[in-house]
Amino acid sequence: MAFGDEKGVVKGNKKVLLKKYVNGFVQESDMEVVTDETILLELPHEGSKDTVLVKNLYLSCDPFMRALMSKMSESHYIEAFVPGNVIKGFGVSRVLESGHPDFKEGEYVWGITGWEEYSLITDTEKIFKIPFTDVPLSYYTGLLGMTGFTAYVGFNEICSPKKGEYVFISAASGAVGQLVGQLAKLMGCYVVGTAGSDEKVELLKTKFGFDDAFNYKKEKSLRAALRRCFPKGIDIYFENVGGAMLDAVLLNMRDKGRISACGMISQYNLEKLEGVHFLVRVITKQLTMKGFNVADYFDLYPKFLELIIPYIKNGEITYLEDKAEGIENAPSALVGLFTGKNIGKQLVVVAEE
């Protein structure tokens, strides 16, 4: 049914709320799926200038969302979540009606939206028109959205890689890690990744083209594992884990190495964060370690697309998605990120169209 035939219709609007602030590991019970709310599919008569009404198609599950669920969490690109309110994150949506001149009915957008079937978006600076629709729209939750752009910024822009350098990636089978590894290989680097299962390790080596990989859960010593994989040391570390992994890496970095601090998933669910013991190596090895917020680099998004779109169309990038069907399964999909349940980019299919 065309939207023109639906305008003014009241529709059911399933949504996911934060039920309570989270301490420790996030649980499905920390969230609530509401199924009895409705929405009128039209813009409000007043105050609708620059507002966009969208139908959400795909929602992205990302580890950083856990950090927004704690009472004392800091707001960054997305405001910290509040109990009783809809959870927000990155997603792909179709515009149903628009009061903003840059967005037209029927166009597709990606960016910050609510975990619900329909959203009224007022912060339109955080949604972006989808320029290429000849690739799967779900890619804009990951490969062509925040995930892929994070991989590009954290590796290409922050680490300034050179051909022949030695690159290590933690959580390498995850949405960001799998792309960093492939970008590194396309630049002629030697690439090793780590993951939490033998199945994921095999994927890194056979599907994503990593030179080597290991299951960190089976290693008695992370430091020894890294020495085995990098006898000459590591030039670039793409950090997704933190904790003991970061300590082991610091002991195996080469002089003037670079560390891109993208995430530290091992710490997000801890009430007492782990310390890092070997930061003195940042001095003695003359290392550069930089954290980043990808939102500060959105001016480079067109440059990223120029690089990545040809790789996709030429089949030079392999991309795996792990899809949960239905918004009612969004909480379990998000929780699964922290137990290693997903393989590839975890997303939720709200509606195919």
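How accessible is serine 160: buried, partly exposed or exposed? Select serine 160: it is partly exposed, with a relative accessible area of 42%. (Buried means under 20% relative accessible area, exposed over 50%, and partly exposed in between, with a 1.4 Å probe and protein chains only.)

Before moving on, note that this is a predicted model, in which local features need pLDDT of at least 70, side-chain atom pairs count only at pLDDT 80 or more, and totals for chains, interfaces and linings use all residues. Residues are numbered from 1 along each chain as its sequence is written, and side-chain values use heavy atoms, with hydrogens and water left out.

**Stop 1: two positive phi values**

Stay on serine 160. Its phi is near 45 degrees, a positive value in a residue other than glycine. Serine 160 sits in the loop between H3 and E10. (Helices, H or I of at least four residues, and strands, E of at least two, are DSSP runs numbered from the N terminus.)

Now select aspartate 50. This residue is not a glycine either, yet its phi is positive, at about 70 degrees. Look for aspartate 50 in the loop between strand E4 (38–40) and E5. Aspartate 50 is partly exposed, with a relative accessible area of 27%.

**Stop 2: the open sheet**

Show the strands E10 to E15. These 6 strands form an open sheet, in the order E12-E11-E10-E13-E14-E15, with parallel pairing. (Two strands pair if DSSP finds at least two bridges between them.) At the edges are strand E12 (212–215) and strand E15 (288–291), each pairing on one side only. From one strand to the next, the twist averages 15 degrees. (Axes are lines fitted to C-alpha atoms, for helices over the stretch in contact, and angles run from 0 to 180 degrees between N-to-C directions.)

Zoom in on strand E13 (residues 234–239) and strand E14 (residues 253–261). They pair in the parallel sense over 5 bridges. Pick phenylalanine 238: its bridge partner in E14 is serine 260.

H5 lies across strand E11 (190–195) and E12, running at about 175 degrees to E12.

**Stop 3: glycine 193**

Select glycine 193 in strand E11. At 0% relative accessibility, glycine 193 counts as buried. What does glycine 193 contact, leaving aside its neighbours within four places in sequence? The list is Phe168, Ile169, Ala172, Leu204, Phe210, Asp212, Ala213 and Phe214. For a distance check, pick alanine 80. From C-alpha to C-alpha, alanine 80 and glycine 193 are 31 Å apart in space, and they are 113 residues apart in sequence.

**Stop 4: salt bridges**

Show the Lys, Arg, Asp and Glu side chains. (A salt bridge is a side-chain nitrogen of Lys or Arg within 4 Å of a carboxyl oxygen of Asp or Glu.) By this rule there are 17 salt bridges.

Start with aspartate 62 and lysine 345, whose side chains meet at 2.8 Å, N to O. This pair links distant parts of the chain, 283 residues apart. Aspartate 62 is in the loop between strand E5 (52–60) and helix H2 (64–67), while lysine 345 is in strand E17 (residues 345–349). Aspartate 62 counts as buried because its relative accessibility is 4%. Lysine 345 is buried too, at 1% relative accessibility.

Move to aspartate 235 and arginine 254, a salt bridge at 3.3 Å, N to O. Aspartate 235 lies in strand E13 and arginine 254 in strand E14, so the pair ties together parts that are 19 residues apart in sequence. Aspartate 235 is buried, at 9% relative accessible area, whereas arginine 254 is partly exposed, at 29%.

Next, select lysine 129 and glutamate 107. Their closest N and O atoms are 3.6 Å apart. Lysine 129 is partly exposed, at 42%, and glutamate 107 is partly exposed at 22%.

Finish this stop with Lys15, Glu37 and Glu116, which are linked in a network of salt bridges.

**Stop 5**

Accessible areas come from the Shrake-Rupley method with a 1.4 Å probe; for residues, only the protein chains shown count as cover.) Methionine 289 is in strand E15. Its relative accessibility is 31%, so methionine 289 counts as partly exposed.

Definitions and conventions. Contact means heavy atoms within 4.5 Å.
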